[in-house]
Amino acid sequence: MFDSWLDPLFHLPLLTGLILTILLSLLGVYLRLREEWLAALGLAQLASAGALGGAAMGLPVLAGSALGASIGAAAKNIRVGWGNETYALMLLFGWSVTLLLAANAPHGEAQIQAFIDGQLYFIGESHLWTALVVSAVTGLSLPYWSPRLLRIRFFPDYFRANNLPAWHFQLMFDILCAIVLGVASVSMGLMAAFALVFIPAWLAFTWARGWWWTVFWAVFFGLVAYLSAFICALHLDQPFAPMLVACLLVLAGVVWAVQRIVIALTFS
């Protein structure tokens with residue numbers, strides 16, 4: 001029974017979700033490092049608004065979603081110093097526009113429901129190819145950006161002392177996050193994409209010792225939750241996105257319990 005998820009029919013959504021899970025878990029570590037994980041929810045909400053708005057104008061859903069989130073990422077960098085206020089405004093703006101578009105666009109209610117449920121099992125090849133392209137860009141660019149993003153966070157005086165601009169590194173990284181979140185929101189669901197950014201990185205920061213171990217554990221936690229949700233949602237005939245969020249929450253509880261046991265054994 002439980003081997004039916006390996007049926008060729010599900011290879012495409014399985015692989016697409018695996019790629020997006022790795023990307024979201026990885027980028028979530030950097031967003032938590034910068035204390036900007038709330039921005040992921042705002043960008044995901046703007047992605048849904050962009051998808052509905054783009055569809056109303058005849059654009060592909062993936063393109064509209066990525067465009068909406070990218071505009072939000074650019075606006076976030078213009079409002080330097082606003083912090084969480086910017087992310088809250090992005091969230092509220094995206095939520096209101098999404099619901100207004102859904103109420104007035106043909107099949108809008110069905111589209112917004114797809115964003116909520118996470119219709120991973122019904123995605124097409126365009127989602128997989130887009131995920132592959134985005135993952136290739138991330139894999140090629142992150143080794144260049146990573147040390148600079150870490151330096152911006154821990155040694156900001158380095159850029160000021162050497163009169164080097166830091167904003168363009170942050171802007172390009174934010175746009176990359178926006179595109180990944182846009183694709184993931186369409187493929188996996190809005191809240192599922194945000195949960196993959198937030199929970200694995202949060203657990204990894206409390207569990208790991210050292211930067212690269214943090215990255216490893218974040219991706220590991222994300223994959224464990226994703227594969228569990230994929231199998232459970234398929235065999236229990238449940239919507240994917242809420243099942244993924246539930247699996248992530250259960251995983252968080254398990255990790256917390258293991259941490260408490262380890263601490264108790266260490267100091268007993």
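In helix α11 of this predicted model, the buried residues are Phe-240, Ala-241, Met-243, Leu-244, Cys-247, Leu-248, Leu-251, Ala-252, Val-255 and Gln-259. The helix itself has 28 residues and reaches 41 Å from its first C-alpha to its last, close to the 40 Å expected at 1.5 Å a residue. Two names from that buried list, Phe-240 and Cys-247, come back below.

**Where α11 meets α10**

Let's start with Phe-240. Its ring forms an aromatic pair with Tyr-226, and the geometry is edge-to-face: the centres are 5.9 Å apart and the planes make an angle of 70 degrees. Because Tyr-226 lies in α10 (residues 211-236) and Phe-240 in α11 (residues 240-267), the pair ties together parts that are 14 residues apart in sequence. Both Tyr-226 and Phe-240 are buried.

Helix α10 has 26 residues, and its first and last C-alpha atoms are 37 Å apart, close to the 38 Å expected at 1.5 Å a residue. After α10 comes Asp-237, with a positive phi near 55 degrees. This residue sits in the loop between α10 and α11. Asp-237 has its positive phi of about 55 degrees although it is not a glycine. With 68% relative accessibility, Asp-237 counts as exposed.

How many disulfides does the chain hold? The count comes to zero. The cysteine sulfur closest to that of Cys-232 belongs to Cys-247 and is 5.0 Å away, too far for a bond; a disulfide would need the two sulfur atoms within 2.5 Å.

**Aromatic rings**

The structure holds 12 aromatic pairs. One of them joins Phe-198 and Trp-202, whose rings are stacked, 5.7 Å centre to centre with 10 degrees between the planes. Both residues lie in helix α9 (residues 190-207), four residues apart, about one turn of the helix. Trp-202 counts as partly exposed, at 37% relative accessibility. There is also an aromatic cluster made up of Trp-207, Trp-213, Phe-216, Trp-217, Phe-220 and Phe-221.

**A few single residues**

Leaving aside its neighbours within four places in sequence, Thr-214 is in contact with Val-29, Ala-204, Phe-205 and Ala-208.

Ser-185 is found in helix α8 (residues 167-188). A polar atom of the Ser-185 side chain lies 2.7 Å from the backbone oxygen of Leu-181. Ser-185 is buried, with a relative accessible area of 0%.

Val-97 has its place in helix α4 (residues 84-104). Although Val-97 and Gln-45 are 52 residues apart in sequence, their C-alpha atoms are 9.3 Å apart in space. Val-97 is partly exposed, with a relative accessible area of 23%.

Here are the accessibility values of several residues discussed above, gathered for quick reference.

| Residue | Relative accessibility | Class |
|---|---|---|
| Ser-185 | 0% | buried |
| Val-97 | 23% | partly exposed |
| Trp-202 | 37% | partly exposed |
| Asp-237 | 68% | exposed |

**The chain as a whole**

Stepping back, the chain has 11 helices and zero strands. Read along the sequence, the pattern is α-α-α-α-α-α-α-α-α-α-α. Of its 268 residues, 48% count as buried. Among contacts with a separation of 6 or more, residues 24 or more positions apart account for 78%. The accessible surface of the chain comes to about 13300 Å², and 72% of that belongs to carbon and sulfur atoms.

Key:
Residues are numbered from 1 along each chain as its sequence is written. This is a predicted model: local features need pLDDT of at least 70, side-chain atom pairs count only at pLDDT 80 or more; totals for chains, interfaces and linings use all residues. Side-chain values use heavy atoms; hydrogens and water are left out. Rings of Phe, Tyr and Trp (its six-membered ring) pair if their centres lie within 6.5 Å; planes under 30 degrees apart count as stacked, over 60 as edge-to-face and the rest as tilted. Buried means under 20% relative accessible area, exposed over 50%, partly exposed in between (1.4 Å probe, protein chains only). The expected span of a helix is 1.5 Å times one less than its number of residues. A polar contact is a pair of N or O atoms within 3.5 Å; within protein, one must be able to donate a hydrogen and the other to accept it, and residues adjacent in sequence count only if both atoms are side-chain atoms. Contact means heavy atoms within 4.5 Å. Accessible areas come from the Shrake-Rupley method with a 1.4 Å probe; for residues, only the protein chains shown count as cover.
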